[in-house]
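Subject: Structure handover

Hello,

Here is the structure I said I would pass on. My notes on what was found in it follow below.

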Amino acid sequence: MTMFDRARRRTSRTAEALRLVSVSKVYGTGDGAVTALDGVTLSLPTGSFTAVMGPSGSGKSTLLQCAAGLDRPDRGQILVDGEEMRGGSEAELTKFRRDRIGFVFQQYNLLPTLTVEENASLPLRLAGRKADRESIRAVLTQVGLGERLGHLPDELSGGQRQRVAIARALVTRPAVIFADEPTGALDTRSARDVLSLLRETVRVHGSTVVLVTHDPVAASYADSVLFLADGRLAGRLSAPTAEAVAERMTHLGDEAAGRRADNGPLMGV
Ligand code: ADP
């Protein structure tokens, strides 16, 4: 892809990076069936940084897996950058994912025999797109690894490895980057650096980031936090502080119980 194509791609981006409409997912059947997601509707604007929080078992991973096209919902619609993710073949879903979605995982998922530069360019190679050396190096410089292009993952700290993973997510200029507990394996300082870097990619490059975390401090780096309980949206917090997030988490069980009693869907998120 040329610089021109990239600019066009960016300017043609829709205002809504991600939309879920009544998305449900049930695991198992009969008495053993578990409703992991129960009619989730939400909309995330392009250029937003959103954290998803909720107690263990509330459906965070399932939400991420479905929204990112790694798993298929049983019901509902998912639109990424205005395009519906359809339940076509596995190959179609993979292509959809490669073209529009970036991932950052807790355990980095770097290939140990590839250098920093090779790891970062991998998604472009897999997508059959030209890995333009200059732009890959520019992204690696931006994440602070311009001096380590030839290093292997083993030769890097945890924080540096996660920055390679962020660069790898950025090189395809995805419509949405999903970060699944990206600081779970890091010390406090590296975690802060990684979260600041994610926030910077949103501010400076207009990326859209969805951060799944159980850590209120990590969530406080986002513009807003969505809370999940029992597979449903159970609230939203804008401009969150770690204290406000922690407080909300403490009461989440009560709120979810109250909402179940009302039986009303949460609109506008
Ligand atoms: P979280 O990420 O918030 O901990 P999950 O999305 O992992 O929540 O799980 C939501 C619910 O779905 C839980 O009750 C969990 O036990 C169930 N679940 C998740 N994955 C599976 C699976 N592959 N098979 C059966 N049940 C599952």
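To start with the ligand: a polar side-chain atom of Thr 62 is 2.5 Å from one of the ligand's oxygen atoms, a polar contact in the sense used here (a pair of N or O atoms within 3.5 Å; within protein, one must be able to donate a hydrogen and the other to accept it, and residues adjacent in sequence count only if both atoms are side-chain atoms). Lys 60 also places a polar side-chain atom 2.9 Å from a ligand oxygen. Gly 57 uses a backbone N or O atom instead, at 2.7 Å from an oxygen atom of the ligand. On its own the ligand has 560 Å² of accessible area, and the protein covers 59% of that (Shrake-Rupley method, 1.4 Å probe; for residues, only the protein chains shown count as cover).

Please note that this is a predicted model, in which local features need pLDDT of at least 70 and side-chain atom pairs count only at pLDDT 80 or more, while totals for chains, interfaces and linings use all residues. Residues are numbered from 1 along each chain as its sequence is written, and side-chain values use heavy atoms, with hydrogens and water left out.

The residues around the ligand (a heavy atom within 4 Å) include Tyr 27, Pro 55 and Ser 58. Strand S2 (34-45) and helix H2 (60-67) each give two or more residues to this shell; H2 gives the most, with three. Helices (H or I, at least four residues) and strands (E, at least two) are DSSP runs, numbered from the N terminus. The protein has nine helices and ten strands.

Confidence is given as pLDDT (the predictor's confidence in each residue, from 0 to 100). The average is 90, and 89% of the residues score at least 70. In residues 263-269 the pLDDT is below 50, and this stretch has twelve contacts in the model beyond near neighbours in sequence (contact: heavy atoms within 4.5 Å).

Of the 269 residues, 46% are buried (under 20% relative accessible area; exposed is over 50%, partly exposed in between; 1.4 Å probe, protein chains only).

Regards
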